[in-house]
Amino acid sequence: MSIKSTLALPFAKVIRKQVYKWANNPVETQEKVFQYLIKNAKNTAFGKDHNFEKIKNYEDFKKLVPVNDYEGIRAYVDRIVEGESDVLWKGRPLYYAKTSGTTSGAKYIPITKESMPTHVKAARNALLFYITETGDASFVDGKMMFLQGSPILKDLKGVKLGRLSGIAAHYVPGYLQKNRLPSWETNCIEDWETKVDAVVEETVKEDMSVISGIPSWVQMYFEKLQEKTGKTVSELFPKFNFFVYGGVNFEPYKHKFESLIGKKIDYVELYPASEGFIAYQDSQTEKGMLLQLNSGIFYEFIPADKFYEENPPRLSIGEVKLGVNYVIILNTTAGLWGYNIGDTVEFTTLAPYRIKVTGRIKHFISAFGEHVIAKEVEKALNDAMVGTNVTVSEFTVAPQVTPESGLPYHEWFIEFVEEPENLEAFAAKIDKSMQEQNIYYLDLITGSVLRPLVITKVKKGGFHEYMKSIGKFGGQNKIPQLSDNRKIADVLQNFKA
């Protein structure tokens, strides 16, 4: 073992102790973050407009600061982009993380000198926790691959602009630079298919120890490796023992991943967003990810079933409960206030506070009052796959409100890697799980308002072709796994098997 890997374990234990110190004092930790945010933003344009000088506690804050989305702060962001200082946060940002919004077009999320280190530290700590738990730091001596967006940044009136993963590429610690793949040149390739082909060429003869990225795109990389060599990933990379991912629920991909890898491995889940690094998996045995309460983010939670009420309840960390689906709201050192990032979460433990992402508040199906959420469709698909050889590459669900004949139904577009022997029986198993999970869906089926779901097979590679057709192929882009309209479904009709 190298000096680097030898020192990693004691360092990891120190960090773990520090993290659990604040994690075990959650309410006090969040109060300190809250007071810090208000104090440092009271002289900003937003702070003055919302009377921050009058805010003494969270109750005051809720009265003065509304829940916003990007449109709610767009006017402030536009002022920052034009060069104004002290608008949402003191000074000017270090970066803008560019994201694509479904209603807002391109969004420019500020990242400041106070918020950027929290992204870096959380990503590092996720690896350190894995080292502490397993007692194995040998992977730091191996090659590590981060499949991410281009690190090329543009200049926007004195502030660097790029994708979050591209910005993060500039912060890989020096002691990992020699081990890092792909090369800078390959990472800068914009076309995703060309980039993945180049990554395959660079890595195929290396012994990778850590691989990280969004599962759907890493799966594409694994498939290309197998096509080129005829070998499993573990045959090519014997030291590869854990995969780091974020952005989607991994369960639908797990069976396919393990068949491509050729063995069971560990997984470390991250919850990074352009707006802040929210959580990471701190344990291989506990469910959920450790909520980052000490990272310059003050969290609020709104019960998802009450979100669209006129005055929905806004809860702080000490008020949340297990088993409730919450919309997560952020207040950050990047100057986001009452900010709804659109995700819904559920707490898996309260000591410490761990969460799992359950979906998007705008990604649901309730065309008939069924209130179906992502967690339910993901579980239903997994339930149907148990005990079978069926593997799924990608899927999405949409309502069919006006069928040519018969009752309306939910249409499941599924791209299979290994198809079920009996598609109708497989659909019935999914539908059974949906009825068991969702009482509204059950009532609609038994009341003959809906008929059981229908599966439409998507041809192999069809979802990739769909993403290309809408200009969102590769990088951090991902398919919503359900929607309340036919916008995606109608285009997918062109890619049926």
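Analyst: Happy to! The angles run from 0 to 180 degrees between N-to-C directions, and axes are lines fitted to C-alpha atoms, for helices over the stretch in contact. Helices (H or I, at least four residues) and strands (E, at least two) are DSSP runs, numbered from the N terminus.

A word on the source: this is a predicted model, in which local features need pLDDT of at least 70, side-chain atom pairs count only at pLDDT 80 or more, and totals for chains, interfaces and linings use all residues. Residues are numbered from 1 along each chain as its sequence is written, and side-chain values use heavy atoms, with hydrogens and water left out.

Now the helices. Helix H14 (residues 374-385) packs against helix H15 (residues 423-437) at an angle of about 135°, and their axes are 8 Å apart. H14 and H15 are therefore oblique to each other. Contact here means heavy atoms within 4.5 Å. On the H14 side the contact involves Lys375, Glu376, Val377, Lys379, Ala380, Leu381, Asp383, Ala384 and Met385, while H15 contributes Phe426, Lys429, Ile430, Ser433, Met434 and Gln437. Sorted by class, the contact of H14 with H15 has eight nonpolar, two polar and five charged residues. For these classes, Ala, Val, Leu, Ile, Met, Phe, Trp, Tyr, Cys and Pro count as nonpolar, Asp, Glu, Lys and Arg as charged, and the others, Gly among them, as polar.

H15 also packs with helix H16 (residues 439-446), at an angle of about 120° and with axes 5 Å apart. That makes H15 oblique to H16. Asp431, Met434, Gln435 and Gln437 of H15 meet Ile439, Tyr441, Leu442 and Ile445 of H16. The classes in the contact of H15 with H16 are five nonpolar, two polar and one charged. Met434 and Gln437 of H15 take part in the contact with H14 and in the one with H16.

Next comes the sheet. Two strands pair if DSSP finds at least two bridges between them. Three strands form an open sheet in the order E16-E17-E18, and the pairing is mixed. Strand E16 (391-400) and strand E18 (454-457) are the edges, each with a single partner strand, so one side of each has no neighbour in the sheet. On average, neighbouring strands of this sheet are turned by 25° against each other, direction ignored. E16 pairs with strand E17 (residues 409-418) in the antiparallel sense over nine bridges, and Thr391 stands opposite Glu418 in E17.

Two helices lie against these strands. Helix H13 (residues 251-261) lies across E16 and E17 and runs at about 155° to E16. Helix H17 (residues 462-469) packs on the sheet too, touching E16 and E17, with its direction at about 115° to that of E17.

Conventions. Angles under 35 degrees count as roughly parallel, over 145 as roughly antiparallel, 65 to 115 as roughly perpendicular and the rest as oblique.
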